[in-house]
Amino acid sequence: MKILSIQSSVAYGHVGNSAAVFPLQRLGHEVWPVLTVHFSNHTGYGAWRGPLLAPADVAEVIAGIADRGVLGDADAVLSGYQGDPAMGAVILDAVTLVKTANPDALYCCDPVMGDVGRGMFVRPGIPEYLRDVVVPRADIVTPNQFELEFLAGRPTNTVDDLLAAVDAVRATGPRHVLVTSVLHGDLPADTLEVVAVSDAGAWAVTTPLLPINPNGGGDVTAALYLAHLSTTGSPATALERTTASIFAVLEATLAAGTRELQLIAAQSAIADPPARFPARRLR
């Protein structure tokens, strides 16, 4: 695949494109990273340095790629955190350019806006912008459970609730939804689920709940799911492979005792995901 990935970048650590590009390359895909910021480190440290790129500058980079006449070769556009509607508009313009040149290209959006325990951590208005403008344009969305509840406008206390919420989001446009960090009353203690839903059905993978929540995990997850779904055509297989790789990365990160994802240390499990967590069909 050839993937246009429009995301943030950090020099130290792994979030945004600094989390997504290497796993995609390790799987053998070509990535065209377009940076929306270039910070010293992710903002979770509370202090960072570096530039926030202007939407017009990001648009210029994309226009330069278009000048090479290669946008029709792109199989997908990938985006993550969108801190400003103006940047979101640049990303959607890029999606239009790519899809005009290649109607089969996919847009995968990770609608980053918040999480359980933290609430919304983006600027006011961004969640509504993502819900009303961006998500309906996407082919694949990868919200966590908290974000799904906002997008659907309903709680997800049970599996049936979760599937109803996913159906509500899919009715707005996206055909594929991957829900991460799923917790509900039917799960055994100390486990969580990841759920994939498409026209073909719905599947879940259950994994142990590790005592770790590093920045960048969602960025890696979205990238891997896009890659595996596109190459296999199977949401269940993509779910299994993505979950296996992410779990291995989290295990390595926990073992290292660091807050930065151990992508390099766990790269073998990215390139060749172990058959570890089977997907079960929900419907």
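## Basis

Residues are numbered from 1 along each chain as its sequence is written. The model is predicted, with pLDDT of at least 70 required for local features and 80 or more for side-chain atom pairs, while totals for chains, interfaces and linings use all residues; side-chain values use heavy atoms, without hydrogens and water.

## Annotated domain

An unreviewed UniProt entry places "domain: Pyridoxamine kinase/Phosphomethylpyrimidine kinase" at residues 104-258. UniProt positions follow the numbering used here, feature names are shortened, and annotations may be inferred rather than shown by experiment. The span 104-258 is 43% helix and 21% strand, and its end C-alpha atoms lie 40 Å apart. Helices (H or I, at least four residues) and strands (E, at least two) are DSSP runs numbered from the N terminus.

## Cysteines

The number of disulfides (cysteine sulfur pairs within 2.5 Å) is zero. The sulfur of Cys-108 has its closest cysteine sulfur in Cys-109, at 7.5 Å, which is too far for a bond. Cys-108 is buried, at 0% relative accessible area, and Cys-109 is buried, also at 0%. Buried means under 20% relative accessible area, with a 1.4 Å probe and protein chains only.

## Helices α5 and α6

Helix α5 (residues 145-152) packs on helix α6 (residues 159-170) at about 55°, with the axes 9 Å apart. Axes are lines fitted to C-alpha atoms over the stretch in contact, and angles between N-to-C directions run from 0 to 180 degrees. The angle makes α5 oblique to α6, a class left after under 35 degrees (roughly parallel), over 145 (roughly antiparallel) and 65 to 115 (roughly perpendicular).

Contact (heavy atoms within 4.5 Å) involves Gln-145, Leu-148, Leu-151 and Ala-152 of α5, and Leu-162, Ala-165, Val-166, Ala-168 and Val-169 of α6.

Key. Buried < 20%, exposed > 50% of the residue type's maximum accessible area, 1.4 Å probe, protein only.
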